[in-house]
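Dear colleague,

My notes on its features follow directly after it.

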Amino acid sequence: MAMQIRIVCPEHQAYEGEAAFVTVPTTDGALGVAPLHASEISTIEPGYVRVCDRAMGTVDHSFAVSGGYVQIADDTVIVLADRAEDLADVDRSQVQAEIQGFEDQLSVLSENDAQRAYLYNEIAWCKLLLDA
């Protein structure tokens, strides 16, 4: 028995397919979802959504997500993420170059510049992509 999973964010749909098991990083801890799971809505925190196509324990797809919500109902898992990226598509050298660029920008900003928060968030996202 399989369930449907969709991972969407404002810019694109990161994934759609069938799964035997999914883990989602909720604010209450990792949430494992199998077919016939009770209906639930939770907030998610930055981390990794892992999709097992055929069986629990065999991760076939991993996605970095930066936060958002997950809805589980009727054997469907919908992850609504602020950002989502398939880790199989991540170019590590490009992400490392982006981190360096953000750090260079930080080095020239004053301590109370409002742009610092944006740059810190971008660095955190990049590190999430690399730490998988």
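Asp 82 sits in the loop that joins strand E9 (76–81) to strand E10 (84–86). This is a predicted model, and the remarks here should be read accordingly. With a relative accessibility of 48%, Asp 82 counts as partly exposed, since that value lies between the cut-offs of 20% and 50%. Leaving out residues up to four places away in sequence, Asp 82 touches Cys 9, Pro 10 and Glu 11, and also Ser 66, Gly 67 and Gly 68. Met 56 is 26 residues from Asp 82 along the chain, and their C-alpha atoms are separated by 26 Å.

Arg 83 belongs to this loop between E9 and E10 as well. Arg 83 is partly exposed, at 27% relative accessibility. Its partner in a salt bridge is Glu 122, with the closest N and O atoms 2.9 Å apart. Because Glu 122 is in helix H2 while Arg 83 is in the loop between E9 and E10, the pair ties together parts that lie 39 residues apart in sequence. Which residues does Glu 122 touch, not counting those up to four places away in sequence? They are Arg 83 and Phe 102. Glu 122 has a relative accessible area of 12% and is therefore classed as buried.

Salt bridges

How many salt bridges does a search of the whole structure find? The search returns three, and the pair of Arg 83 and Glu 122 has been described above. In another, the side chains of Arg 54 and Asp 60 meet at 3.0 Å, N to O. Arg 54 is exposed, with a relative accessible area of 62%, whereas Asp 60 counts as partly exposed at 27% relative accessibility. A further bridge joins Glu 111 to Arg 116, where the closest N and O atoms are 3.8 Å apart. Glu 111 counts as exposed at 69% relative accessibility, while Arg 116 is buried, its relative accessible area being 10%.

Helix H1

Helix H1 covers residues 92–107, which is 16 residues. At 1.5 Å a residue, the helix should span 22 Å, and the distance of 23 Å between its end C-alpha atoms agrees with this. Which residues of H1 are buried? They are Val 95, Ile 99, Phe 102 and Leu 106. Viewed down the axis of H1, these buried residues fall within an arc of 65 degrees, so they line one face of the helix. The buried residues of H1 pack against helix H2 (115–130). Phe 102, one of the buried residues of H1, is also a contact of Glu 122, and Glu 122 is found in helix H2.

Loops with positive phi

Most residues other than glycine have a negative phi. Leu 36 is not a glycine, yet its phi is positive, near 70 degrees. Leu 36 lies in the loop between E4 and E5 and counts as exposed, at 67% relative accessibility. Asp 74, likewise not a glycine, has a positive phi of about 50 degrees. The loop between E8 and E9 holds Asp 74, which counts as exposed at 74% relative accessibility.

His 37 is placed in the loop between strand E4 (29–33) and strand E5 (40–44). Apart from its neighbours within four places in sequence, His 37 is in contact with Leu 31, Gly 32, Ile 72 and Asp 75.

Nonpolar surface patch

Ile 41, Tyr 69 and Leu 80 make a nonpolar surface patch of about 340 Å². Tyr 69 is found in strand E8 (residues 68–73). Tyr 69 is partly exposed, with a relative accessible area of 48%.

With kind regards

Key: Residues are numbered from 1 along each chain as its sequence is written. This is a predicted model: local features need pLDDT of at least 70, side-chain atom pairs count only at pLDDT 80 or more; totals for chains, interfaces and linings use all residues. Side-chain values use heavy atoms; hydrogens and water are left out. Helices (H or I, at least four residues) and strands (E, at least two) are DSSP runs, numbered from the N terminus. The expected span of a helix is 1.5 Å times one less than its number of residues. Buried means under 20% relative accessible area, exposed over 50%, partly exposed in between (1.4 Å probe, protein chains only). The arc is that of the directions from the helix axis to the C-beta atoms. Contact means heavy atoms within 4.5 Å. Patches are made of residues with over 30% relative accessible area and no salt bridge: like charges are joined within 9 Å, nonpolar side chains (Val, Leu, Ile, Met, Phe, Trp, Tyr) within 5 Å. Accessible areas come from the Shrake-Rupley method with a 1.4 Å probe; for residues, only the protein chains shown count as cover. A salt bridge is a side-chain nitrogen of Lys or Arg within 4 Å of a carboxyl oxygen of Asp or Glu.
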